[in-house]
Amino acid sequence: MNTLLPTSIVGSLPKPSWLAEPERLWSPWQLEGAALTEGKQDALRTAVHEQERRGIDIVSDGEQTRQHFVTTFIEHLDGVDLERKETVRIRDRYDAAVPTVVGAVSRRQPVFVEDAAFLRAQTDRPIKWALPGPMTMIDTLSDQHYKSREKLAWEFATILNEEARELEAAGVDIIQFDEPAFTVFHDEVQDWGVAALERAAEGLRAETAVHICYGYGIEANNKWKETLGAEWRQYEQSFPLLQQSSIDIVSLECIHSHVPLDLVELIRGKKVMLGAIDVATETVETPEEVAEVLRRALEFVDADKLIPSSNCGMAPLARGAALDKLSALSAGADIVRAELAGAAVPAGR
Ligand SMILES: [Zn+2]
């Protein structure tokens with residue numbers, strides 16, 4: 001990839017209303033059987049087309065084929081009881097009915113590999129595939145078998161590594177692990193979270209990324225954010241550990257958040273996927289707003305390591321707003337690319 005400041009999105013895009021009810025999480029499918037399979041593929045095609053025509057350089061599937069970024073993966077594993085939904089507190093913040101682990105977990109067959117191969121066939125651009133991270137998985141289920149978050153996380157890390165290797169073989173260029181739980185459980189991040197993440201990413205030739213955020217722009221998260229004070233310093237705990245880790249790219253939340261940008265210095269040397277699009281509001285950023293965030297970030301990350309992105313997934317947003325935000329992201333990146341190109345030309349004549 002030769003483009004400077006290649007743009008990308010964290011993961012999800014809103015689904016079309018004929019596929020799933022819009023603007024909600026865990027939205028039920030509107031189709032069944034073969035029609036559902038065809039509908040998911042059509043939605044994925046549309047997501048790719050919109051990303052390309054709006055100037056997104058690293059293309060994702062928009063998570064059009066999954067109901068939820070964590071539970072869809074868990075529900076495909078053995079040892080999980082799909083019927084038995086138990087209500088647990090997620091990220092120490094909100095309650096949700098989630099699948100229950102009732103026995104030893106294993107992956108009987110690939111979960112997303114066919115979908116990834118389908119995405120690969122739709123575009124010549126580099127593609128990125130998101131998987132849930134081990135800690136976020138154990139924080140999005142009910143465990144009635146292992147009774148140990150650490151032990152189950154290690155089991156998941158092994159399973160994720162199998163899946164990641166097959167995604168790589170299907171032509172995925174960047175494999176991303178979503179770990180929003182890293183902003184909440186700091187002791188566990190230090191004790192085993194980063195180690196489990198590295199286990200999930202072990203031996204991959206594809207680039208690896210970890211996405212750490214403050215969650216979707218849903219009410220429970222927005223309320224929690226109000227309690228975090230004027231400066232959000234949660235990244236201060238995880239960034240030094242990630243800087244030392246084998247992970248290539250760190251994806252973080254930035255625009256309209258209270259994350260002090262100088263914390264990015266703590267991951268110097270890594271590629272930085274920087275959130276320059278807010279997913280908690282449907283107000284579309286202006287290109288200049290996006291550019292300003294990127295300019296400020298360039299104080300702490302080298303230009304050849306900056307990947308302009310969104311703060312988080314866009315699944316809960318109105319579809320039109322989310323797509324317009326893609327255009328704003330690439331227009332903002334264009335402004336800064338032009339400035340960097342201008343700066344590289346010697347002044348005078
Ligand atoms: Zn996120």
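## Strands and how they pair

Two strands count as paired if DSSP finds at least two bridges between them. Helices (H or I, at least four residues) and strands (E, at least two) are themselves DSSP runs, numbered from the N terminus. With that in hand, look at L274, which sits in strand 8: its bridge partner in strand 9 is P308. The chain gets from strand 8 to strand 9 by way of helix 9 (residues 287-297), and this β-α-β crossover is right-handed. Right-handed here means that, with the strands pointing away from the viewer, the path from the first strand over the helix to the second runs clockwise.

A quick word on what you're looking at: this is a predicted model, where local features need pLDDT of at least 70 and side-chain atom pairs count only at pLDDT 80 or more, while totals for chains, interfaces and linings use all residues. Residues are numbered from 1 along each chain as its sequence is written.

## The whole protein

Let's step back. The protein has 10 helices and nine strands. Its radius of gyration, taken over C-alpha atoms, is 19 Å, close to the 20 Å that the globule rule gives for 349 residues, so the protein is as compact as a globular protein of that length. (The globule rule is 2.2 Å times the number of residues to the power 0.38.) Along its principal axes, the C-alpha trace spans about 70 × 45 × 40 Å.

How much of the protein is buried? Of the 349 residues, 46% count as buried. A residue is buried if 20 or more other C-beta atoms lie within 10 Å of its own, exposed if 12 or fewer, and partly exposed in between, with C-beta atoms placed from the backbone. Contacts use those C-beta atoms too: two residues are in contact if theirs lie within 7 Å. Among contacts between residues at least 6 apart in sequence, 78% join residues at least 24 apart.

Strands of a sheet pair through backbone hydrogen bonds, either parallel or antiparallel. Here, six strands form an open sheet in the order 3-5-6-7-8-9, and the pairing is parallel. Strand 3 (128-132) and strand 9 are the edge strands, each pairing on one side only. On average, neighbouring strands of this sheet are turned by 25° against each other, direction ignored. Axes, by the way, are lines fitted to C-alpha atoms (for helices, over the stretch in contact), and angles run from 0 to 180 degrees between N-to-C directions.

Now follow the sheet along. Strand 6 (residues 207-212) joins strand 7 in parallel through four bridges, with I212 partnered by L252. Strand 7 (residues 249-252) then pairs with strand 8 in the parallel sense, again over four bridges, and I249 stands opposite K271. Four bridges also link strand 8 to strand 9 (residues 306-309), which run parallel.

Helices lie over the sheet as well. Helix 5 lies across strand 3 and strand 5 (174-178), at about 170° to strand 3. Helix 9 lies across strand 8 and strand 9, at about 150° to strand 9.

## Inside the core

Is strand 8 (residues 271-275) enclosed or open? Five of its five residues are buried, so strand 8 is largely enclosed by the rest of the structure. Both of its faces are covered, with K271, M273 and G275 on one side and V272 and L274 on the other.

A nonpolar core is a set of buried Ala, Val, Leu, Ile, Met, Phe, Trp, Tyr and Cys residues joined through C-beta atoms within 7 Å. The largest one here has 100 residues, and L274 and L294 touch the most other members. Helix 5 (residues 149-169) gives this core its largest share, eight residues.

L274 is buried, with 28 other C-beta atoms within 10 Å. Leaving out residues up to four places away in sequence, L274 touches L252, C254, L294, A297, L306, I307, P308 and S309. As for L294, its contacts beyond four places in sequence include L274, A276 and L306.

E23, in the segment before helix 1 (33-53), has a positive phi of about 60° although it is not a glycine. E23 is partly exposed, with 14 other C-beta atoms within 10 Å.

K147 is found in the loop between strand 4 (142-143) and helix 5. Its phi is also positive, near 55°, and K147 is a residue other than glycine. With 9 C-beta neighbours inside 10 Å, K147 counts as exposed.
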